[in-house]
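Hi everyone, thanks for coming. Let me put the structure up on the screen, and then we can walk through it together.

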Amino acid sequence: MISAPHTYNHIRDGKTKVKDKLTLTLVKILSEYTNAHVIYTNGPIDYDPNYNRNNEYQLELINYIRENNIKYLIDLHGTSLVKDAEIEIGTNNLANINGDEILLQDITQIFVKNKFKKIRIDKRFKSSRNTICNIINNKTKIKCLQLEISKKYRNLNQIDYFKVLVNTLIDCIKYMERRDKMNEINYIEKYDEILDIKPSYGYKRELGKINYNQVGLEIEMAVNFNRNSYSFIRKMLKKVKNLVGDNGYFVKDGTVLGDYSFEIVLDPLTVEQIEKFYQSLLDIIEFSQGLLEISKEKNCGIHMNFNKKDILDINQAHKRATTFVKENQKYFDQNIYKQFKFIWDYEKYSNYQNVVGDKYLWINYLKGKVVEIRNLNVDINTKELVFVIKSFLQSLYYDKEISISSKTFTNINKLYDMALENANDISETLDKNEFVIIGLKDCKGKIIKLSDELTEQIKSLL
């Protein structure tokens with residue numbers, strides 16, 4: 001559970017205390033990038049949740065912890081008072097974490113690993129008396145840490161420091177999620193090293209020129225631990241890593257329900273490249289005999305990323321994409337977090353997107369360009385995936401994508417072959433006319449000359 005009690009101004013001893021800057025932004029980002037529960041104030045309040053005993057905030061927190069079997073609490077605060085520390089960890093001399101020295105050591109090492117140089121423990125902000133951590137520990141016996149964060153890391157003008165803070169807290173949350181599961185051997189960290197897991201927030205990847213018909217994929221995968229299977233899992237993960245190669249990277253995904261989970265973020269590739277990659281990935285999954293999976297039961301998802309290329313008519317493209325999904329729903333999953341909202345008018349859909357937020361809709365637009373289409377059915381096979389991607393390209397870039405059936409394609413090839421003898425004449429005629437009629441009598445391509453009157457009649461039909 002992540003707590004941020006000072007996201008708005010509050011009252012202590014009759015005086016207004018100013019909110020802890022950026023803690024609201026911080027807790028919302030952590031909520032999005034991890035599977036942690038969160039609590040924070042949603043407006044100014046007339047008490048201090050971290051000072052007044054048995055206040056509404058603390059009581060709500062106690063009830064929620066008991067009802068949801070929460071085991072750890074991180075209480076976030078901001079301070080400008082810590083002159084000689086970038087972070088202070090308050091444990092009430094270990095009392096609030098039930099004497100768990102290893103927990104404190106490991107959390108401290110996570111901050112050290114992420115380049116925090118000035119770390120202080122139980123000095124100015126000890127987290128005793130009526131503080132949230134002390135009260136919650138006394139009432140529920142769960143382990144509670146109070147973090148006082150220097151304003152150096154809570155300043156968007158120094159965005160690199162803020163990114164470090166976010167990724168450090170994500171590491172802390174993931175550590176707490178797994179520490180009771182893995183016993184002595186920490187396979188999670190070993191697997192993270194194999195995949196070279198990138199930070200969940202703020203990681204940027206330099207890409208070269210991207211064509212409109214290149215599509216990126218995000219594929220969430222779950223790993224299921226079985227007794228004595230850890231070495232075999234390692235081999236499978238190496239196969240996945242080699243398959244991705246330089247065409248993407250890996251991040252952690254806190255929403256997937258496997259014993260271990262990760263997300264493949266694939267660079268924009270052509271449909272042919274995606275077809276080859278995805279089939280090879282499915283082969284690895286099948287060979288793993290259930291240890292690796294992409295399943296709805298484990299809350300996995302497959303999403304498509306687009307390159308924000310200009311679309312000829314965004315409203316027309318939106319209607320085509322929405323109609324395609326409506327008519328082919330077997331290829332898509334409804335997701336309680338990312339809903340299909342069938343609004344055919346782009347302006348209305350865009351306005352609705354601004355109301356509910358980008359991450360809650362199946363298609364995400366940014367400044368009139370498609371960014372992401374989510375919720376592909378995780379049981380989709382390679383042939384179906386190729387069909388869906390091609391269909392979206394034809395929907396969004398209908399002025400560029402020409403769909404030709406195999407029968408038509410064969411006939412065009414025959415026509416082209418027969419016309420080769422007169423290629424120069426045909427080329428010159430095409431330059432001078434809007435259209436050309438070619439006769440195929442005796443299997444020879446021949447230009448048919450029309451009268452002006454007939455030509456005008458044909459133009460009116462076109």
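Let's start at Ile 219. Leaving aside neighbours within four places in sequence, Ile 219 is in contact with Phe 262, Glu 263, Ile 264, Phe 277, Tyr 278, Leu 281, Ile 294, Gly 301 and Ile 302, where contact means heavy atoms within 4.5 Å.

Before I go on, a word on the source: this is a predicted model, where local features need pLDDT of at least 70, side-chain atom pairs count only at pLDDT 80 or more, and totals for chains, interfaces and linings use all residues. Residues are numbered from 1 along each chain as its sequence is written, and side-chain values use heavy atoms, with hydrogens and water left out.

Ile 219 is also among the residues with the most contacts inside the largest nonpolar core, which has 68 residues. A nonpolar core is a set of buried Ala, Val, Leu, Ile, Met, Phe, Trp, Tyr and Cys residues joined through side-chain atoms within 4.5 Å; buried means under 20% relative accessible area, exposed over 50%, and partly exposed in between, with a 1.4 Å probe and protein chains only. Apart from that core lies another, of 35 residues, including Ile 97 and Tyr 201.

Now, how many salt bridges does the structure hold? Ten, each a side-chain nitrogen of Lys or Arg within 4 Å of a carboxyl oxygen of Asp or Glu. In one, Arg 12 meets Asp 48 at 2.8 Å, N to O. Asp 48 is buried, at 0%, while Arg 12 is partly exposed, at 27%. Glu 372 bridges to Arg 374, also with 2.8 Å between the closest N and O atoms, and both of these residues are buried.
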